[in-house]
Amino acid sequence: MDKMAFVKLLDKYIGIPICYLLWPLTKIMARNKGKNILIVKMWGMGDAVIILPVVNFLKKRMPDRKIIALATRETADVFKHEAIDEVVIFNDKVGPSLPLDSLKTIHELSKKNIGTILDFEQFTRISAIFSFLSGAAMRVGYKGLGKDRLYTHRVPFNSDVHASESFSDITGILGVKEKITELERLTISREDRAIAAKFIRENNLGKKKVIGIHPGSGPTAISRRWDPDKFSRLADMLAKLGYSIVISGTKSESEVIGAVSNHMKERKVLATSLTIKQFCALIENFELFVSYDTGPMHLAAAMGTPTLGLMGVNTPTRYAPLGKKNRYIYKNFPCSPCVNVHRGIVPMVCPLYENAKCMEAISVINAFTVAKEMLQNKPNSSN
């Protein structure tokens, strides 16, 4: 069982009873009216990227308030940004130390003089429990799933709008609700840019323009992946236009990366050992980035790189790459979307078919045509 699946089980069978046990104490314990604001987004790198511009607006409107982020190692690097004053990292490593690490996090939050909590987690109860036990007097989160009993302000979750808008509904309780049309660039250090520049030199990527492809999707929702053979054919077709191809991913995605790489006939470069910030510094040099609705897709869009999202198991209504230069291909089936993050539903494989029909319906020619239009800066045509 992967870590996120275990966290979901723990959250459901332990988190729900704890929420109901703590509920009668809501008016007794949480009384801290300090000026500091805590934002909570522990899982979902893509969500964290989408939240950044929302938090940036909050900081501009309330510059006198210290903003603290509660994150895990999955989201911490995203939140190391000018708009956020401090990041508290919860060690969510599955093991015997998890209860103690949870208590340590709660104790650390209790010392931060936090008066307001904005919980952006869509389904996990542990975020509501941490929020409540921090002692903050004002706690804002989404309605439903039992955890809303621990909030003082409950926001209806709208699954029919882009995630940026539903996240903005949370800050709207503080009078800060803005329309998000572009993502916020991540803060990249000089050292990380130097490492990205070294990667480009060592792989002779400075001679041609570069296109990045990301065939992995992390350990969850593998059904969102496109056929590796299709990805390799697309990459070869783009390489023949005169572009260098970089295949990105993590060590946990080595199998699908290898499948794409081994099927390619043209030269390619693998980028599998860079940190998030180094990866962002590298992405800035790409002419195009092709992926699914994953964290890297949103990172590329945030860094200003034209981004093409291949979507099916999730809907572009919620997770299309934001920005005028970005596009997506979406084949809408009656069963789409089968991913509903706000309900904790992220199926590992397609619930109905051996392979997700919505992803199979995206052809190589379709993806190549849209990618070529983007490279030529042609106006959006029908996908």
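This is a predicted model: local features need pLDDT of at least 70, side-chain atom pairs count only at pLDDT 80 or more; totals for chains, interfaces and linings use all residues.
Residues are numbered from 1 along each chain as its sequence is written, and side-chain values use heavy atoms, leaving out hydrogens and water.

**Overall make-up**

- The chain has 15 helices and 12 strands, taken as DSSP runs (helices H or I, at least four residues; strands E, at least two) and numbered from the N terminus.
- Among contacts with a separation of 6 or more, 66% link residues 24 or more positions apart; contact here means heavy atoms within 4.5 Å.

**Sheet β3-β2-β1-β4-β5-β6**

- This open sheet has 6 strands with parallel pairing, where a pair needs at least two DSSP bridges.
- Its edge strands, β3 (86-89) and β6 (153-155), each pair on one side only.
- Strand β2 (residues 67-71) is joined to β3 by 4 bridges, and Ala 71 has Ile 89 as its bridge partner there.
- Helix α6 (residues 126-133) packs on the sheet against β1, β2, β4 and β5, its direction making about 170 degrees with that of β4 (axes are lines fitted to C-alpha atoms, for helices over the stretch in contact; angles run from 0 to 180 degrees between N-to-C directions).
- Helix α7 (residues 163-172) also packs on the sheet, touching β4, β5 and β6.

**Sheet β9-β8-β7-β10-β11-β12**

- Here too, 6 strands make an open sheet with parallel pairing.
- β9 (269-271) and β12 (327-330) sit at the edges with a single partner strand each, so one side of each has no neighbour in the sheet.
- β7 (residues 210-213) and β10 (residues 286-291) run parallel and share 4 bridges, with Val 210 opposite Phe 286.
- Helix α10 (residues 254-263) packs on this sheet, touching β7, β8 and β9.

**Nonpolar cores**

- The largest core has 60 residues, and Ile 39, Phe 79, Leu 118 and Leu 186 have the most contacts inside it; a core is a set of buried Ala, Val, Leu, Ile, Met, Phe, Trp, Tyr and Cys residues joined through side-chain atoms within 4.5 Å.
- Helix α3 (residues 45-61) gives the most to this core, with 9 residues.
- Not counting residues up to four places away in sequence, Leu 186 touches several residues, including Leu 52, Val 78, Ile 276 and Met 303.
- A second, separate core of 33 residues includes Val 260, Tyr 292, Val 313 and Phe 368.

Key: Buried means under 20% relative accessible area, exposed over 50%, partly exposed in between (1.4 Å probe, protein chains only).
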